[in-house]
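New notebook page. I'm going through this one from the overall fold down to the ring pairs.

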Amino acid sequence: MMAAVAFAQKNEGRFVDELKALLRIPSVSTAPEHVGDVRRAAEFVAAELKRIGMENVRLIETTTAERNGHPLVYADWLHAGKAAPTVLCYGHYDVQPAEPLDEWKTPPFEPTERDGNIYARGAVDDKGQMWMHVKALESLMAAGGGTLPVNVRVIVEGEEEVGGEGIAAFVREHGDQLKADVALVSDTEMFAPELPTLCVGLRGMIYTEIEARGAKVDLHSGMYGGAAPNPFVALAQVIAKLKDENGKILIPGFYDKVQKPTADELKAWKALPFDEEHYRESEVGSSVLTGEPGLSVQERTWARPTLDVHGMPGGFIGAGAKTVIPAKAVAKVSMRLVPDMTPAESFAKYKAYVESIAPKGVALEVRLIHSGDPIVVSTDNSYVKAATEAMREVFGKETVFVRGGGSIPIVGDFVRELKIPTVMMGFGLPDDNLHAPNEKFHLANFYRGIESIVRFLSGVGA
């Protein structure tokens with residue numbers, strides 16, 4: 001193990017240069033114009049896994065007659081013996097769109113180092129953290145003469161940012177090819193700098209579109225305003241009825257299945273080093289925090305469902321003026337879910353409610369784009385113990401357990417389909433701007449993440 005740590009430390013500069021090469025590939029999974037770039041990123045990861053000594057490296061196509069998908073990258077090394085555990089390492093190589101481009105200090109796909117960070121789209125979510133897995137495996141391989149302390153399977157997807165439909169289908173249909181004892185996911189963050197953190201819960205999600213249709217064509221607002229229905233106004237009226245001014249979601253029955261956090265969890269969250277005013281000013285950047293009154297920030301962001309609007313494309317959005325009443329408009333709306341809510345039931349309630357409040361003269365279509373289940377994982381297993389011991393050695397502090405407000409759909413699939421626990425060992429920071437301009441990854445955490453994973457895999461093997 002110590003030889004592997006020494007190898008990683010000696011090669012830190014090369015590891016960062018390789019990561020920069022991967023970050024330069026604009027693998028935006030939601031954009032059709034980047035389909036080739038997404039594949040190029042998959043091929044980059046596959047080539048590196050093969051180079052470091054992993055076996056059976058291949059791309060697994062996810063395109064079907066019903067959908068165009070991005071490939072999975074698979075690799076394994078299974079020579080540690082039948083008695084040794086098998087660890088399934090997961091990550092994703094696709095990234096969010098970089099817009100708005102004018103808010104980036106440096107171009108999003110030209111990785112730049114400054115102030116001890118590397119800035120680029122995908123730096124922390126999830127190329128940088130996925131690359132920690134690859135470099136930890138390389139370090140162990142180099143120190144072990146081409147061997148690993150455990151059996152390892154690697155699965156890296158290219159659709160996490162668009163719902164993970166391809167990998168979910170593969171896990172359902174070919175779960176035997178991913179047989180393992182535990183999954184390792186590094187796509188989460190530390191609660192605070194220098195504080196080792198394991199995420200033990202994630203919110204689920206349903207991402208939807210509401211399309212409003214009024215007139216058969218776009219109309220002149222002077223000639224038809226006052227008589228013709230306006231889809232944008234209709235969407236505004238619908239959205240206004242989805243939540244009240246205190247943040248309560250008004251969909252009937254939406255909270256019926258919400259499972260409250262335990263008393264022990266609430267006590268642990270209250271003990272975390274958290275300054276609400278610093279969070280408001282430095283992370284959120286708003287004049288006040290919003291949400292359900294009487295609940296802490298942790299409760300509101302980790303253990304309560306949400307409803308948010310992300311965009312309303314349609315009509316005229318160019319410079320200058322165009323007095324048009326659009327024939328149709330769309331609102332992109334998502335909901336984060338918590339245990340024991342299910343995407344199917346929550347979407348059904350939402351859809352029925354939206355259709356029931358449709359304004360006159362407008363036809364509404366409510367579409368489900370993608371979904372994922374909420375999950376809370378057990379901490380009572382030897383793999384979590386190995387993770388906490390590994391991070392204690394690296395950070396010199398005890399690990400804290402938190403939930404995350406985001407969603408990683410595949411974690412639920414690992415639990416349901418593969419019947420294995422998941423260790424969510426992430427090294428991002430709260431201010432890393434994932435999904436926002438100027439995304440970054442603290443390089444010290446990149447290095448410490450590699451060492452932590454080396455120690456974790458060695459500990460599991462022991």
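Before I count anything: helices here are DSSP runs of at least four residues and strands are runs of at least two, numbered from the N terminus. I'm working with a predicted model, so I keep in mind that local features need pLDDT of at least 70.

**Entry 1: the fold**
I looked up the secondary structure and got 14 helices and 18 strands for the protein. Next I checked the extent: the C-alpha trace spans about 80 × 50 × 45 Å along its principal axes. Does the radius of gyration agree or disagree with that of a compact globule? It agrees, because a compact globule of 462 residues would come out near 23 Å and the protein has 23 Å.

**Entry 2: contacts and surface**
I took the contacts with a separation of 6 or more and asked what share joins residues 24 or more positions apart; that share is 79%. Of the 462 residues, 54% count as buried.

**Entry 3: charges**
I counted 49 positive and 63 negative charges, and their mean positions are 2 Å apart.

**Entry 4: aromatic pairs**
How many aromatic pairs does a search of the whole structure find? I noted eleven. To describe a pair of aromatic rings, I need the distance of the centres and the angle of the planes.

I picked Trp 269 and Trp 302 to start with. Their ring centres are 5.1 Å apart and their planes sit at 85°, so I filed the pair as edge-to-face; the angle has to be over 60 degrees for that. This pair links distant parts of the chain, with Trp 269 in helix H8 (residues 263-270) and Trp 302 in helix H10 (residues 297-302), 33 residues apart. Are the two tryptophans buried or exposed? Trp 269 has 4% relative accessibility and therefore counts as buried. Trp 302, at 10%, counts as buried too.

Then I turned to Phe 395 and Phe 427. Here the ring centres are 6.3 Å apart and the planes are at 10°, so this pair is stacked. Phe 395 belongs to helix H12 (residues 382-395), while Phe 427 lies in the loop between strand E17 (422-425) and strand E18 (440-442); 32 residues separate the two, and the pair links distant parts of the chain. I have both Phe 395 and Phe 427 down as buried.

**Entry 5: a cluster**
Back to the tryptophans: Trp 269 and Trp 302 form one aromatic cluster together with Phe 191, Phe 274 and Tyr 279.

Methods: Residues are numbered from 1 along each chain as its sequence is written. This is a predicted model: local features need pLDDT of at least 70, side-chain atom pairs count only at pLDDT 80 or more; totals for chains, interfaces and linings use all residues. Side-chain values use heavy atoms; hydrogens and water are left out. The radius of gyration is taken over C-alpha atoms; the globule rule is 2.2 Å times the number of residues to the power 0.38. Buried means under 20% relative accessible area, exposed over 50%, partly exposed in between (1.4 Å probe, protein chains only). Contact means heavy atoms within 4.5 Å. Lys and Arg count as positive and Asp and Glu as negative; His and the chain ends are not counted. The place of a charge is taken as NZ of Lys, CZ of Arg, CG of Asp or CD of Glu. Rings of Phe, Tyr and Trp (its six-membered ring) pair if their centres lie within 6.5 Å; planes under 30 degrees apart count as stacked, over 60 as edge-to-face and the rest as tilted.
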